[in-house]
Each structure stands twice: as C-alpha cells, then as structure tokens.
Amino acid sequence: MTQSLTALLAQKTFSTADIARLLSLTGPADVELLRSRAHELVLKHCGSHVFFRGLIEFSNICVSDCNYCGIRKSNEAVDRYMLSKDDILESARFCAEVGYGSAVLQSGERIDEAFVAFIEDIVRSIKKETVSSTLPGGLGITLCVGEQTEDVYRRFYNAGAHRYLLRIETTSPTLFAKIHPPQQSLANRMDCLDRLRRVGFQVGTGVMIGLPEQTIEDLANDIQFFKRTSIDMIGMGPYIVHHQTPMAHYDRDIAARKDAVFLLALKMIAVTRIVCKDVNIAATTALQAMQYDGREQGLCFGANIVMPQTTPVDVRNNYLLYEGKPCLDENASQCKSCLERRIRSVGREIGTNEWGDSQHFAARS
Ligand code: 5AD
C-alpha cells in the first residue's frame, strides 16, 4: 500500500522518489494539501512577512547566447542599453525611500574590467547613499550578473553586495547542454556557486520549469541539488518562449502545456519549501506572466520574496527575457502599491526597511 500523502508531507527528509511523487500530484485535494503544508512551513521558518527586493535591470548587453533568452547576444532585434550611474542610484534611492530594504542589480553577462569596475563603484555608492536611521546598514544589495571568477566575486562582496543570484537553470547535464551554447557548462555554473559561497555571499540559484524534454525526475533532482548544496535563496519560474530565439519552435508545445506548467511551477515552490524549509523563495515575475495573480499564488505555495520592478520605464521594454512580461508600463510607485495590495489580499504582511536575509544562511554561518 502506498504511504498516505499526509504522512509523506510530515517527513523530515525526502528521497528523490518522494519529491517526484509530490511534484506529480494533480488532484485538487492533493494539491491543496501540498500547498497548505508549504504555507505552514513558510510561516514557521520565515514568518508571515513578505520581503521586497527592488529590481533594477541596469543593462541588457550580454556576451552569452543562451538558447532560451530574449536578450541573448545573437538577437539583433534588441536595442541594447546600459543605465548611467545616476539612473541606477536614483532607482536605488527610490527603493530605500519606500522601505524596500533591498535591491537586486541584474543585467546581461559581461566579464570585462570596465563592467566589473562599474558594478563595484555602483555598489559602493548605493551603500554609502542609502544609509539612514531606518536603514542603518544601507540598502541590502543582491547581484545577478552571471558567471565570474572568484576574484571578481570577492571584489563585489568587498564593495558591499552580500547576496548573489545565479540560476543553475537545470541540473540535468543533457538538458543544460541542449539549452546553452557549447561555451557554457553546467560544471562551471556549479563552480561559480561554490566560489560565491567561499567568498561569503548568501547564495541564490534556481531553475526554469517546463523546459522542453524536462522530466519530473529532472526537477526532483534540482530540488535535491538545492538541499545538498545548502542553497540560501531560490528563484524559479516557468519557461516562457521568446520568439527571437532558437527555441521559438517550441511555442505550440509550450502553449499546449501552459496550465500544467504553471501548476508545476507552483508545486516546485511548495516542494522546495517542504524539503529545504528555511530558505528564501521568490514568487517570480515569470509566474505573473502566465497568470495575472501568479505571484500571489506563488506566495500561497510557500514563497516569501517578491521583486517589484524599479527599472526606469523607458528601458523596460528592452529587457524581455521572455514574452508577455507584466508591468512594462507601470512606474515604480504604481508597482509598489499594486504589489502591496496583492500581498495583503493573500493575508501576508510586508517586511519594510529590513534586508530580509535568508534564515538558512543565518543557520549555516
Ligand atoms: N523564460 C523564462 N525564464 C527565462 N530566463 C531567461 N529566459 C527565460 C525564458 N525564456 C530566466 C533564466 C535566467 C533568469 C535571469 O531569467 O532562468 O537565469
């Protein structure tokens, strides 16, 4: 006889087969049991607060050519931009003033010295300018600027950034190879996560859900990877086709699976919460690209972080990693009030003027 779902959900540790079973649930009553267990655990391990990280997409210039991504180097239809230091500082000041507590600086990948030095300078300046009585340590800064050397990661850390996001995208070597150009390797991504940890960052990673040919076992292995490598923060969302990429021809397949992929993304959040417990998990914008209340649903399935847009509206249209990205025309203040309303609508509180660090990081360090 198979074990009851309630007993399975109450386990402390999970085999890959257990995780695959949880990800495979489809009956509404079973999915609700999964959701409510994840909700119970996020409240227990992280509290009821949802933390904001203001998202500043400061450049879409990219030297990488990932097959899924709309801003890949080979997409010549994209207008490339790089925000000025002043523009970035203005967005950062906005984050601090409205109580976000943290910002994420995200861009396409570059490894040249000018880029690295620019980021170091920006991080130092943001730190200096955003110190206040309500935010004595200045804005918490998360970087999301790709694969770099350990020395570069250390420079970023010493400048004042303390969290770093680098998605592994998938831990399946065959799938990773299929969606990336030959110059990119899963081994290097994994090495980068190790480097980040050695340098002292709170380390975030994540995967895309619903990639062509991705199996439930692949996703179960991804969650085991988060657990095994003691990841502090997770951001993951559904794969969404961008038509100016080599994966455009998957559009019909993805459209046919849209509802299933959305549900799978919610289940990934819930199961990650149940397995990893005290990590920060973001309800990502890609969820909202699929359903108007996708992020709120993510929060109800165990997420505790949202990343409101604070990128200046005039360049936002040029940072389309996937199609159907929401909030393209709302300014940062509109995004803020809309999100606050949405978070309260699902009975959660908003953590203001706090970094909202990963409890997992606090426990492991
Ligand atoms: N669909 C969904 N997510 C995407 N990303 C890039 N392209 C897509 C897409 N087409 C995600 C990747 C990357 C993050 C910044 O955005 O996971 O790491």
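A crossing of two helices is called right-handed if the near helix is turned clockwise from the far one by less than a right angle. The views below are taken from a predicted model.

**View 1. Helix α2 crosses helix α9 in a right-handed sense.** The axes of helix α2, residues 16-23, and helix α9, residues 216-228, come within 9 Å and cross at roughly 120°, and the two helices are therefore oblique to each other. On the α2 side the contact is made by Thr16, Ile19, Ala20 and Leu23, while α9 contributes Ile216, Glu217, Leu219, Ala220, Asn221, Ile223 and Gln224. Sorted by class, the residues of this contact comprise seven nonpolar, three polar and one charged.

**View 2. Helix α2 also passes helix α11 in a right-handed crossing.** Here the axes of α2 and helix α11, residues 258-276, come within 9 Å and cross at roughly 140°. Ile19, Leu22 and Leu23 of α2 make the contact with Leu264, Lys267, Met268, Val271 and Val275 of α11. In this contact of α2 with α11, seven residues are nonpolar, none is polar and one is charged.

**View 3. Helices α9 and α11 cross each other in a right-handed sense.** The axes of α9 and α11 come within 10 Å, and the angle at which they cross is roughly 35°. From α9, the residues Ile216, Leu219, Ile223, Phe226 and Lys227 meet Leu264, Met268, Val271, Thr272, Val275 and Cys276 of α11. The contact of α9 with α11 is made up of nine nonpolar residues, one polar residue and one charged residue.

**View 4. The buried residues of helix α6 pack against two helices and two strands.** Within α6, which spans residues 150-159, the buried positions are Glu150, Val152, Tyr153, Phe156 and Ala159. The elements against which these buried residues pack are helix α5 (113-129), strand β3 (140-144), strand β4 (163-165) and helix α8 (186-199). Gly160 follows α6 and has a positive phi, near 130°.

**View 5. Ile122 is a buried residue of helix α5.** The relative accessible area of Ile122 is 2%, and because buried means a value under 20%, this residue falls in that class. When its neighbours within four places in sequence are left aside, Ile122 is in contact with Lys85, Ile88 and Leu105. Leu22, which takes part in the contact of α2 with α11, lies 100 residues from Ile122 along the chain, and the C-alpha atoms of Ile122 and Leu22 are separated by 43 Å.

View 6. Cys192 is in no disulfide, and the cysteine sulfur nearest to its own, that of Cys144, is 12 Å away. With a relative accessibility of 0%, Cys192 counts as buried. For Cys300, the closest cysteine sulfur belongs to Cys46 and is 15 Å from that of Cys300, which is too far for a bond, because a disulfide requires a pair of cysteine sulfur atoms within 2.5 Å.

Technical notes
Residues numbered from 1 in each chain as written. Predicted model: local features only at pLDDT ≥ 70, side-chain atom pairs only at ≥ 80, totals over all residues. Heavy atoms only, no water. Buried < 20%, exposed > 50% of the residue type's maximum accessible area, 1.4 Å probe, protein only. Axes fitted to C-alpha atoms, helices over the stretch in contact; angles between N-to-C directions. Helix = DSSP H or I, 4+ residues; strand = E, 2+ residues; numbered from the N terminus. Parallel < 35°, antiparallel > 145°, perpendicular 65-115°, else oblique. Contact = heavy atoms within 4.5 Å. Nonpolar A, V, L, I, M, F, W, Y, C, P; charged D, E, K, R; others polar.
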